[in-house]
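Reader: I would like to go through the side-chain contacts of a model. Please take them one kind at a time.

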Amino acid sequence: VMDQLLPALTRGVLSGAVTVQPGAYRDLLDVRHVAPALDSLLCRGIRDEVVNLASGAPIAVADIVSAIESRLDTRAERRTLPRPPERTVVDTTKLRRLVPEFAAHDFGPGYLDDLLDRYLSSFVHDAAALSA
């Protein structure tokens, strides 16, 4: 999602219009948390099992757009898609049991801010390069 959703929303905000599905949520997970979790699973010999790799803390897409707008000090027209609300919470109990250090990550309210602080400038740079 990080390599698709956040850059796409950033491009939309920068272009002045972004499409948002009311009630839509997305589970964001920083790539810095993915590789160590996968490595831990493999090093522990976990094979042939389904393990959900997610934060388990979905964020409203409308809130993501608002956070991007706030950081870019701009507002975009929000176009909405008429679809039913979509909120899925991924159960990460098995992941946290198999990789206890994953549970140390704070996926609370500040997680989106951390992601945007770390990656937004590269999304803006990439958007500028695409429009050039």
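Reader: Which side chain meets Arg 32 in a salt bridge?

Author: First, the basis: this is a predicted model, in which local features need pLDDT of at least 70, side-chain atom pairs count only at pLDDT 80 or more, and totals for chains, interfaces and linings use all residues. Residues are numbered from 1 along each chain as its sequence is written, and side-chain values use heavy atoms, with hydrogens and water left out. A salt bridge is a side-chain nitrogen of Lys or Arg within 4 Å of a carboxyl oxygen of Asp or Glu. Here the partner of Arg 32 is Asp 30, at 2.9 Å from N to O.

Reader: Is Asp 30 buried or exposed?

Author: Accessibility is read as a relative area: buried means under 20%, exposed over 50%, and partly exposed in between, with a 1.4 Å probe and protein chains only. Asp 30 is buried, with a relative accessible area of 0%. Arg 32 has 40% and is partly exposed.

Reader: How many salt bridges does a search of the whole structure find?

Author: The search finds eight. Among them is the bridge between Glu 69 and Arg 75, at 3.8 Å from N to O. Glu 69 also forms a salt bridge with Arg 78, where the closest N and O atoms are 2.7 Å apart. Through shared partners, Glu 69, Arg 75 and Arg 78 are joined into one network.

Reader: What is the relative accessibility of Glu 69?

Author: Glu 69 has 2% and counts as buried. Arg 75 is exposed at 60%, and Arg 78 is partly exposed at 32%.

Reader: How is a pair of aromatic rings described?

Author: By the distance of the centres and the angle of the planes. Rings of Phe, Tyr and Trp (its six-membered ring) pair if their centres lie within 6.5 Å; planes under 30 degrees apart count as stacked, over 60 as edge-to-face and the rest as tilted. By this rule there are two aromatic pairs. Phe 102 and Phe 107 form a tilted pair, with 5.4 Å centre to centre and 40° between the planes. Phe 107 and Tyr 111 form an edge-to-face pair, at 4.8 Å and 80°. The ring pairs link Phe 102, Phe 107 and Tyr 111 into a cluster. Phe 102 and Phe 107 are both buried, and Tyr 111 counts as buried at 5% relative accessibility.

Reader: Which residue lies over the face of Tyr 25?

Author: A charge sits over a ring if NZ of Lys or CZ of Arg is within 6 Å of the ring centre and within 35 degrees of the ring normal. For Tyr 25 the residue is Arg 87, at 4.8 Å from the ring centre.
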